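Subject: Structure handover

Hello,

Here is the structure you will be working with. My notes on it follow below.

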Amino acid sequence: MSIEKKIISPAQIREQEALCRQIAAVLEARSPRPLALVDTYGCQQNEADSEKLRGYLAQMGCGFTQDEFEADIVVVNTCAVREHAEMRVLGNVGALNHSKKARPGQIVAVCGCMVQQPHMAEKLKKSYPVVDLVFGPHELWRFPELLLRVLTKGKRVFAAEKSDGVLAEGLPSLRDGAVKAWLPIMSGCNNFCSYCVVPYVRGRERSRRAEDVVAEAEELVRAGYKDITLLGQNVNSYGKDLEPSVSFPELLRRINAIPGDFLIRFMTSHPKDATEELFETMAACEKCAHQLHLPVQAGNDQILKVMNRNYTAAQYLEKVARARQAMPDLVLTTDIIVGFPGETEEEFEDTLRLCEEAGYDAMFTFIYSKRVGTPAASMPDPYTRADKQRHFDRLTELANRISAEKHRAYEGQTLRVLVDGETGREEYNLSSRTNGGRLVHLKGDPALIGQFAQVRITGSNTWALYGELL
Ligand code: SAH
Ligand code: SF4
């Protein structure tokens, strides 16, 4: 099936870059060394988007700061997945009143998934006069044009029209680190899980061309990145919209064939589309980390059905068994929602049982949050917040126990890690990751950052491993 994709051409991006030079002149006239702050909420896709915003801002001549009182431009890149994130965004945007008062002329922009919801764009327009510019994820590629309009017209600009999404290649990107890199391979989601706002704000699934993804991966490897995470809401449906279609395992094989010593990770995999071919490919590709984030969301078939997840608990566990058969050292993680509308005590206990059986190395657990416009928002939800919190606490306790057990089993083992940064602490001054993505604290020379090293695991707790360099 091929959907109509709105492609933004490299020529259009070059036009935006030309506007960056005009903006640089405007900003320089105001301040000799303009500074920008990019504040990012939510998922890795948003982090990748913020790297693009910083790429544009750097072309506008901006340096970067974490202090809003120093910033000439503040960009808040928002998340809409749960109410909690939205509340934090609104609180922090409101607080920008102080920095704007202290720094007249400061430009405040709010972008990302939250503002793609019409009620939120409206709220910012009406109740947050501090905000000068609002743009949704589909307008990110034309951030320079929108910002220039604010700067030259002196008017507020709102650009978050409903859209199925666009596909833009060739945006500049200023990446966060030098060891690990995000590599978005697709945008949007077609799954419409009944609780989730993502398909409404991120549009339909659009895959980047395999040639473009591979070329970017090659560039990252050349630049010295050692740990590349492929990003998509459901990477397993990558390439279905391409002509000719390219499967996700095929993409993995092509990236694996790039010469060099580096690791390939990916997220997220929807269980309904996780295939034996995927597991076999992960096992066969030597650069592919044996790490799978396979969000189950719930362990009860009725709840899974109402969530519109398209698998049963048994089918899910069967996939986990297959994946472990292909990769006995697999590190498995998941997302779980507790307190989905109408979820009973017994249904919740099915989730506990499934988690015990799946044996997750780590679990990301969330209390259900009602999202405007989703089917679940109009389902009866008789249980109290206290009931949900009680379930959440039981699940967290289980998750911590399993993680601690899994981590304890590493003690005494020797394994390869990638040293990825400093911890700021004296005793264990370096952080690193196992092939499966588990955190290992080490003591050693910071010159090792960006290198693979052999370590012996000497200790562990729920959250991390501790090791000695060999
Ligand atoms: N595409 C990914 C991730 C989407 S959002 C996937 O399908 O796994 C990340 C996680 O947030 C989800 O896996 C889910 O566990 C959680 N989430 C999404 N909507 C939510 C909601 N309305 N309330 C609580 N948690 C939610
Ligand atoms: Fe949301 Fe489901 Fe799509 Fe994930 S697969 S982004 S949970 S709709």
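Which residues of helix 5 (residues 143-153) are buried? They are F143, P144, L146, L147, L148, V150 and L151, where buried means under 20% relative accessible area (1.4 Å probe, protein chains only). Helices here are DSSP runs of H or I with at least four residues and strands are runs of E with at least two, numbered from the N terminus.

This is a predicted model, in which local features need pLDDT of at least 70 and side-chain atom pairs count only at pLDDT 80 or more, while totals for chains, interfaces and linings use all residues. Residues are numbered from 1 along each chain as its sequence is written, chains are lettered from A and ligands numbered from 1 in the order in which they are written, and side-chain values use heavy atoms, with hydrogens and water left out.

The buried residues of helix 5 pack (heavy atoms within 4.5 Å) against several elements, including helix 1 (10-30), helix 2 (44-59) and strand 4 (73-78). After helix 5 comes G154, with a positive phi near 65 degrees.

Ligand 1 has 15 residues around it, counted when a heavy atom lies within 4 Å. R82, Q233, Q297, D335 and S369 come nearest. Its polar contacts (N or O pairs within 3.5 Å) include these:

- R82: a polar side-chain atom is 2.9 Å from a ligand oxygen.
- D335: a side-chain N or O atom is 2.6 Å from a ligand oxygen.
- S369: a backbone N or O atom is 2.8 Å from a ligand nitrogen.

Around ligand 2 are residues including C189, C193, C196, H270 and Q233.

Regards

Note on methods:
A polar contact is a pair of N or O atoms within 3.5 Å; within protein, one must be able to donate a hydrogen and the other to accept it, and residues adjacent in sequence count only if both atoms are side-chain atoms. Buried means under 20% relative accessible area, exposed over 50%, partly exposed in between (1.4 Å probe, protein chains only).
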